[in-house]
Amino acid sequence: MVRSFLLIVFSMCAHHFPLCRALEKVEIPPQGITPNTNQADNDDRMEHTQQQHRELIEWIRSHPGGFVNDKLEVRQADIKNPSLGSGMFVNGAIKKGELLYSVPWDLIIKPDGYGHDKRNGAYNAPLLSCEAVYSLIHELNLGEKSKFGPYLKYFHDFKTNYLFEQWSAAGTDLINYIAGYDMNADGTWLEHWYKVCDGSDVILHEKAALYVSTRAEDHLLIPLFDLANHRNGHMNHAYINKKIKIVGGISADGIATRDIGAGEEIVHSYNMNAELLARKYYGSGSSIDEGSGTTNVFYNFGFVEPMPQRWIFKNYLEDDKLVIFDLDYAKSDTGQEGELEVRWRDD
């Protein structure tokens with residue numbers, strides 16, 4: 001009974017973030033702004049964030065081959081609710097296949113000799129690339145001499161205490177109890193940093209490792225790319241509308257995968273990649289049917305994903321079985337999101 005109640009509470013976090021934060025008093029993801037009763041402080045923080053976004057876009061545009069679509073903007077998702085953080089939006093209609101941005105190769109932080117991560121051996125594109133972390137640390141040590149100044153500002157604003165592995169023992173035990181398994185059973189990202197990457201426990205280096213684990217696309221830290229929020233799909237709705245195309249030695253391009261209406265948010269999936277899924281979780285591919293599960297997005301990235309969601313729990317009546325169900329808003333006659341729909345899986 002207690003476990004069922006906690007499962008419901010955890011599920012409710014998707015739409016009631018104050019409830020989530022009350023469980024562990026963690027901060028929201030770094031793109032967001034912590035709610036503050038002082039409106040002036042919130043306004044100052046939002047303006048600081050907006051200025052940072054403008055500087056990043058102009059920095060990309062100022063380099064040969066750099067391109068950011070005039071219809072693309074990074075802004076506060078809802079000025080009335082700062083806790084929702086920033087997102088990537090379009091202010092005009094975008095056609096399928098249209099280029100959203102192109103980041104030149106020399107504006108991407110990557111391992112030396114990109115293509116094979118020597119510390120990770122044959123495992124060529126893990127969620128935590130050791131060499132990408134060392135490249136980031138190198139740029140941080142350069143300080144003002146680094147050409148990545150506008151991008152590194154995001155690192156300095158990056159908070160780590162919302163990540164699951166940074167939680168207290170009590171908070172970790174609670175979530176493991178709800179999930180029905182030890183979410184740290186295969187080791188944490190910092191343990192990977194120490195053991196596999198020969199990393200140090202210098203605070204800056206640990207933060208760099210966690211930044212790469214949550215922000216990198218394989219081995220690459222791509223400015224602007226990591227400002228798009230996460231959403232999976234589709235179960236009932238085609239939420240995902242962007243893909244990244246890596247042209248080695250040339251650029252990283254964001255491309256619309258469908259027609260996008262003015263005002264719509266640009267989103268892509270954070271967890272639909274073979275490396276994350278191979279680590280210990282369930283499924284693979286590009287739809288919710290092949291996804292790794294909402295609890296595992298939470299584990300790796302520190303937030304409860306919006307709909308659609310896939311929940312995977314241990315079946316305590318049959319040890320070799322899992323309890324799996326999907327959630328999404330039903331389609332309505334108007335094409336908008338309707339009532340919440342539940343689909344039980346037979347896995």
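In which sense do S5 and strand S8 pair, parallel or antiparallel? The pairing of S5 with strand S8 (residues 265–268) is parallel and is made over two bridges. The legends below describe close-up views of a predicted model.

**Figure 1. An open sheet of four strands.** The strands of this sheet follow the order S2-S3-S8-S5, and their pairing is mixed. Strand S2 (72–76) and strand S5 (229–230) form the edges, each of them pairing on one side only. Strands of a sheet pair through backbone hydrogen bonds, in either a parallel or an antiparallel manner.

**Figure 2. The parallel pairing of S5 with S8.** Two bridges connect S5 to strand S8 (residues 265–268), and the two strands run in the parallel sense. Within this view, His230 stands opposite His268 of S8. S5, which covers residues 229–230, is an edge strand of the sheet.

**Figure 3. The antiparallel pairing of S3 with S8.** Strand S3 (residues 86–90) runs antiparallel to S8, to which two bridges join it. Phe89 is placed opposite Glu265 in S8. In the order of the sheet, S2-S3-S8-S5, strand S8 stands between S3 and S5.

**Figure 4. The disulfide between Cys130 and Cys197.** A search of the whole structure finds one disulfide. A disulfide is a covalent bond between the sulfur atoms of two cysteines. Here the bond joins Cys130 to Cys197, with an S to S distance of 2.0 Å. Why does this pair tie together parts that are 67 residues apart in sequence? Cys130 belongs to helix H4 (residues 130–142), whereas Cys197 lies in the loop between helix H7 (189–195) and helix H8 (203–215), so the link connects parts of the chain with that separation. The angle about the S-S bond is -70°, and the link of Cys130 and Cys197 is left-handed. Cys130 counts as buried because its relative accessibility is 0%, a value under 20%. Cys197 is likewise buried, with a relative accessible area of 0%.

**Figure 5. The packing of helices H4 and H8.** The axes of H4 and H8 are 9 Å apart, and the two helices pack at an angle of about 130°. This angle makes H4 oblique to H8, because it falls in none of the ranges for roughly parallel (under 35 degrees), roughly perpendicular (65 to 115) or roughly antiparallel (over 145). The crossing in which H4 passes H8 is right-handed.

**Figure 6. The salt bridge between Arg215 and Asp226.** The whole structure contains 10 salt bridges according to the search. One of them is formed by Arg215 and Asp226, whose closest N and O atoms are 3.7 Å apart. Arg215 is in helix H8 and Asp226 is in the loop between H8 and S5, so that the pair links distant parts of the chain, 11 residues apart. Are these two residues buried or exposed? Both Arg215 and Asp226 are buried.

**Figure 7. Further salt bridges.** Glu47 and Arg54 form a salt bridge in which the closest N and O atoms are 2.8 Å apart. Glu47 counts as partly exposed, at 43% relative accessibility, and Arg54 counts as partly exposed at 39%. Another salt bridge brings together the side chains of Glu341 and Arg343, at 3.0 Å from N to O. Glu341 is partly exposed at 26% relative accessibility, and Arg343 is partly exposed with a relative accessible area of 32%.

Figure 8. The peptide bond from Met307 to Pro308 is cis, and its omega is near 5°. Pro308 lies in the loop between helix H10 (294–301) and strand S9 (309–314).

Figure 9. Although Asp198 is not a glycine, its phi is positive, at about 55°. Asp198 is located in the loop between H7 and H8, and this residue counts as exposed because its relative accessibility is 57%, a value over 50%. Asp218, also not a glycine, has a positive phi of about 55°. The place of Asp218 is the loop between H8 and S5, where Asp218 is partly exposed with a relative accessible area of 29%.

Note on methods. Residues numbered from 1 in each chain as written. Predicted model: local features only at pLDDT ≥ 70, side-chain atom pairs only at ≥ 80, totals over all residues. Heavy atoms only, no water. Disulfide = S-S within 2.5 Å. Buried < 20%, exposed > 50% of the residue type's maximum accessible area, 1.4 Å probe, protein only. Pairing = 2+ DSSP bridges. Salt bridge = Lys/Arg side-chain N within 4 Å of Asp/Glu carboxyl O. Axes fitted to C-alpha atoms, helices over the stretch in contact; angles between N-to-C directions. Left-handed = near helix turned anticlockwise from the far one by under 90°.
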